[in-house]
Amino acid sequence: MNYEEIVKKYKTPLFIYNIDTLIDRIKYLKNKLTDKYDLVFAVKANTFIVKSIEKYVSRYEICSNGEFNICNNLNIAHNKMVISGVNKDYDSIDNMIKNYDILKYTIESINQFKLLTELSKKYNKQISVLIRLTSNNQFGVSEDDFKYILKNIDNNYLLLDGIEYFSGTQKTKVERIEKEIDYLIEFTNNIEKEFNINIKEIEYGVGLPVYYYQADTFNEDEFLDKVKTILDKIKNKTVVLELGRSIASSCGSYLTSVVDMKTSKYGNYVIVDGGINHLVYYGQTMAMKIPYYELLPKVKTKEEETYNICGSLCTINDFLVKNIKTRKLNINDIFVFKNTGAYSSTEGINLFLSRDLPKIILIENNKCKLVRKDIKTSDINFPNYDIKE
Ligand SMILES: Cc1ncc(COP(=O)(O)O)c(C=O)c1O
C-alpha cells in the first residue's frame, strides 16, 4: 500500500511508522557505534515501536509505571527492562520486585535507595541497580549522595552494577559528549579507588542529535565516528547507550490533509487537519524552519506559492511551518512530514481543543497494520458526573 492508499482507507491525520526503516536505522547505529556497545531504547520516544525492535536492542529504559505496563502487556522480556525515572512510587515498585525478575533499577535519590532496599528486603530478593549521577538538574543524585549510597548499600539486596548518566537530548557538539565521558571516567576511577569496588557498567544517554530541517547540514557518519572514538576512552567496562530520538525519528511520517485555505494581506494560510497537538519538532522555533516533507498527490507543476501551514487548534501558535514555498496547494492535498518517529506521538499537547488523537499505522514488509484507532479526546476531557467513588 502506498501512502495515498493508506490515507484513502484510514484518513488523516495519522502517523505511519515504517518498521523496515527502523530496523535498518538500528543496524546502521550498531554498525557505526556498537560493535561493543549495547543499545537501550528509551521507551518514552515512541511506545508503538517497542515490540518491533525487541530483537535489535538489549534493553528498554522504562520511566513510569505506564511505560512498564505497556512493555509488560507487549510481553517484553523482564530481563531487558531497566526501571528508571525520577518518581518511583511504592506500589509500582512493590509490584515489580514482587512479581518480576527485572534486569535493573536506577537509583535517582536517597529516598529511592531506601525504597528499593526496603522492597528487596521485603521480598528477600537481590536486585541489580545503577546509580544515576546527576548532570545538575532534578535527575539523579549528587556525587555526595552517590557516595552515601555506596557507604550504606547492602549488597545482599542491592547489587550495584554501575552508573547511569543522561544530561539531555539533541547534543549537536561532540565536545560536549567528550566532556561528559571524561567526567564519567574520572568520577568512576575516583569512586573505584575510594570504595575499592569495580564499577562494571556505564549506561550513558548520548543524546544523539537528529537533523530535522532542510537548512541543516550534518555529516552523521563523521559525527558518529567521533562519538565512537570518545566512547572508546572508557576501558574495561560494559558501556550501554540509551537512545530514543536517534533510533526512532527516521521511521516516522505524519500525514495531515489540507482542509481549508485563505488569503489575507498577511499571507496565504492553509489549515490542515492535524497540528502542533500531534507534531513536535525539536527546535522548531515559531515554525520558522522547513522540515523535510513531501506533498501528495505528486503533481508536476512549475507554479509555486508561499504559504503558512496551520493546524486545527484555537491558538495562534498552531503553525506547522511558516512561509513555505511549495507547489500550488489544493484542499485535500496531503503533507507527509518526515522524521516524526520520536516524541511526536508522545509529546504533543494532545488534549487541547478535544481533537481526536491520530491513528497509528505500522508498515512492515510492505504490510500495513493499524495499531491505534483515532482516540476521542472528548471522552477524556469530559466531566463525568456519574462516577461512583
Ligand atoms: C534517562 C534518559 N535516557 C535516554 C533518553 C533518550 O534521549 P534521546 O531521545 O535524546 O536519545 C532520555 C530522554 O529524555 C532520558 O530521559
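## Burial and the model

A residue is called buried if 20 or more other C-beta atoms lie within 10 Å of its own, exposed if 12 or fewer do, and partly exposed in between, with C-beta atoms placed from the backbone. The model is predicted, so that local features need pLDDT of at least 70 and side-chain atom pairs count only at pLDDT 80 or more, while totals for chains, interfaces and linings use all residues. Residues are numbered from 1 along each chain as its sequence is written.

## Glu118

Glu118 is partly exposed because 14 other C-beta atoms lie within 10 Å. Glu118 belongs to helix H5, residues 110-122 (helices are DSSP runs of H or I with at least four residues, strands are runs of E with at least two, and both are numbered from the N terminus). Asp94 is 24 residues away from Glu118 along the chain, and their C-alpha atoms are 9.6 Å apart.

## Val7

Val7, which is part of helix H1 (residues 3-10), counts as buried because it has 21 C-beta neighbours inside 10 Å. When neighbours within four places in sequence are left aside, Val7 is in contact with Thr12, Leu255 and Ile334, where contact requires C-beta atoms, placed from the backbone, within 7 Å. Between Val7 and Leu150, 143 residues apart along the chain, the C-alpha separation is 56 Å.

## Ligand shell

Among the 15 residues around the ligand, those that come nearest are Ala42, Thr169, Gly205, Gly244 and Arg245 (a residue is near a molecule if its C-beta atom, placed from the backbone, lies within 6 Å of it). At least two residues of this shell come from strand S9 (238-243), and at least two from helix H9 (245-248).

How values were computed
Contact = placed C-beta atoms within 7 Å.
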